[in-house]
Amino acid sequence: GDLHGQLDDLFLIFYKNGLPSPSKSYVFNGDFVDRGKQSLEILVILFTFLLIYPKEVHLNRGNHEDHMVNLRYGFCAGLSTVHGKKILRMFQNVFCWLPLATLIDQKVLIIHGGISDTTDLDMLEKIQRDKFISVLRLKKRKESSRKPEVQAINGESPSGSDTAGKEAAPRLSLQPQAAQAPSTANRPEFSRWLRQTVQEQIDTCRRLVDISESEPEELTYSSIVSLKDADEPCWTRQEEWKQILDILWSDPMPQEGCRENKVRGGGCYFGPDVTEKFLEKYSLQFLIRSHECKQEGYEFCHNRKVLTIFSASNYYEIGSNRGAYVKLGPDLIPHFVQYQANKTAHMLTMTQRQGFPVALISRVEESAFRALREQLFAHTSALISAFKAYDGDNTGRITLSNWATAVESVLRLGLPWRMLRPQLVRSTKDGMLEYKCWLDDLAMEQRSQEHIQSSLLEIIYRNRSNLETIFRIIDRDHSGLISFEEFQQTWKLFSSHMNIGLTDDGIDDLVRSIDFNKDGNIDFNEFLEAFRLVKQCP
């Protein structure tokens, strides 16, 4: 769903669900930019993954992937650098090429806004998307002046001269005309003239982009679009524009029918009957759309045939809404993950954001290496055969380089085994590995690990009621989640009562290390994981 320049939400999604890969596909449903302060960073990350995994990463166009909207809601202002105009023009060209919809298994349609009673998927598939830099309205002007204006908006210079009898497109200049300027000796009169001239130029700019001081938060759209090619038949252009406008700007409504969306000024409101007919026409199960902030991050409507998913948490202010993403398996049953980027996440360093506390990093790394050792142990027979191929004299020893090559030939995981070797091979003699002893050590480690895990689980569940009591004491508002503030208050009281010198920074590090999924709260499973009870040996 919508990210709107909120990089913390994107990081949180990747942290929870994993990075895009050949086995993990993503569909980002538009509105990557505007409003938030890190639109450019989000685009760089998403486009990079799109280049690396073009079959697994899909980016739909949203209503904010639009040049005229970007002028109003912050993305253009964020590119006011030396090469800002060139970069912005590049993004304009990319935005208009983004797909308008994504179809999953011919059963689930993902679009940014919605549909109307005239939405035609066959027409949408054939539309030359690069023509539509913007679906924003330009006010109706004389036909003779429309084309130069459209060219200017799309970053192209008008070529040629106007034929006789035709009105030239207005040129914008913020420099005062010397012939009309009063003498600077008369300072009050000159100041009034200068203010009036600047205001006139501002009004002219506003008229060109259809922005007025009295406009509501969202811009309005009505009849014509910015086009790269203004020479096609008007009816074709108008019909295609209407299709795109409805897809990007429409919203569902509980009443039946389809009517103009006057709140947004573009697109339509479509009812459950419109949804039912559309799904039946194209043999679809349901629609997924975004475009609207929902308090829980997602919402069903139209008899669960339309799903709204919104991924920008704290959209209006801190705590205003959760973000969410939806996971679809082969059965196409939606599973939701909700989150809320908390205010303390903004104060983390980049290292803390990527791995969070050092203790947690080491725990995650150790878990990964433990999984690798389990894989190695499971392939013991194949590894022995591979090692013997490099041990022609049957010495029981091979070089570390041959060890890495043999391991990759068996496991085929594509890992840098030479770099991982210090964590997997404890000791070597003269750069040689006694592979039989190494495999014996792996076997002993696995048996020991199984015993520890079994014993540990028994102790945890034997004391589960005590842990639940502690959890409920800390959870003062009985929400089922421990907030950072609740945890900090409890530990301050505890450290004061027990005379334990624990600083605020120490408490912060502790609470962040327990919040494994980084959603700003501690659930009971995280609490259990953090407070494992280990039986002390005599």
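Rings of Phe, Tyr and Trp (its six-membered ring) are paired if their centres lie within 6.5 Å; planes under 30 degrees apart count as stacked, over 60 as edge-to-face and the rest as tilted. One aromatic cluster is formed by F387, W403, W417, Y435 and W438. The structure is a predicted model, in which local features need pLDDT of at least 70 and side-chain atom pairs count only at pLDDT 80 or more, while totals for chains, interfaces and linings use all residues. Residues are numbered from 1 along each chain as its sequence is written, and side-chain values use heavy atoms, with hydrogens and water left out.

**Overall composition**

- The chain holds 19 helices and 18 strands; helices (H or I, at least four residues) and strands (E, at least two) are DSSP runs, numbered from the N terminus.
- The chain has 538 residues, and 43% of them count as buried. Buried means under 20% relative accessible area, exposed means over 50%, and partly exposed lies in between (1.4 Å probe, protein chains only).
- Contact means heavy atoms within 4.5 Å. Among contacts between residues at least 6 apart in sequence, 65% join residues at least 24 apart.

**Aromatic rings and charges**

- The pairing rule gives a count of 18 aromatic pairs. Y315 and Y316 make an edge-to-face pair, because their ring centres are 5.0 Å apart and their planes stand at 65°.
- Y315 is buried, at a relative accessible area of 17%, whereas Y316 is exposed, at 60%.
- A charge sits over a ring if NZ of Lys or CZ of Arg is within 6 Å of the ring centre and within 35 degrees of the ring normal. The charged end of R35 is placed in this way over the ring of Y73, 4.7 Å from its centre.
- R304 lies over the face of F300, and the distance to the ring centre is 3.9 Å.

**Helix packing**

- Two packed helices are described by the angle between their axes and the distance between the axes. Here, axes are lines fitted to C-alpha atoms, for helices over the stretch in contact, and angles run from 0 to 180 degrees between N-to-C directions.
- Helix α2 (residues 39–52) and helix α4 (residues 84–97) have axes that come within 13 Å and cross at roughly 55°. The contact involves L40, L43 and F47 of α2 together with F91, V94 and F95 of α4.
- α2 and α4 are therefore oblique to each other; angles under 35 degrees count as roughly parallel, over 145 as roughly antiparallel, 65 to 115 as roughly perpendicular and the rest as oblique.
- The crossing of α2 with α4 is left-handed. A crossing is left-handed if the near helix is turned anticlockwise from the far one by less than a right angle, and right-handed if clockwise.
- Helix α12 (residues 380–389) packs with α13 at an angle of about 135°, and their axes are 9 Å apart. This pair is therefore also oblique, and α12 passes α13 in a right-handed crossing.
- On the α12 side, A382, L383, A386 and F387 meet W403, A406, V407, S409 and V410 of α13. F387 and W403 also belong to the aromatic cluster.

**Loop residues**

- Most residues other than glycine have a negative phi, and most peptide bonds are trans.
- L332, in the loop between β13 (323–328) and β14 (334–339), has a positive phi near 60°. L332 is buried, with a relative accessible area of 7%.
- R412 is located in the loop between α13 (400–411) and α14 (417–424). Its phi is positive, about 50°, although R412 is not a glycine, and at 66% relative accessibility R412 counts as exposed.
- L413 also lies in the loop between α13 and α14 and is partly exposed, with a relative accessible area of 41%. Apart from neighbours within four places in sequence, L413 is in contact with L372 and E408.

- M68 belongs to helix α3 (residues 67–73) and is buried, at 3% relative accessibility. The C-alpha atoms of M68 and V135 are separated by 8.3 Å, although the two residues are 67 residues apart along the chain.
- M123 belongs to helix α5 (residues 121–126). Its C-alpha atom is 8.1 Å from that of Q243, a residue 120 residues away along the chain.
- Not counting residues up to four places away in sequence, M123 touches E239 and Q243.
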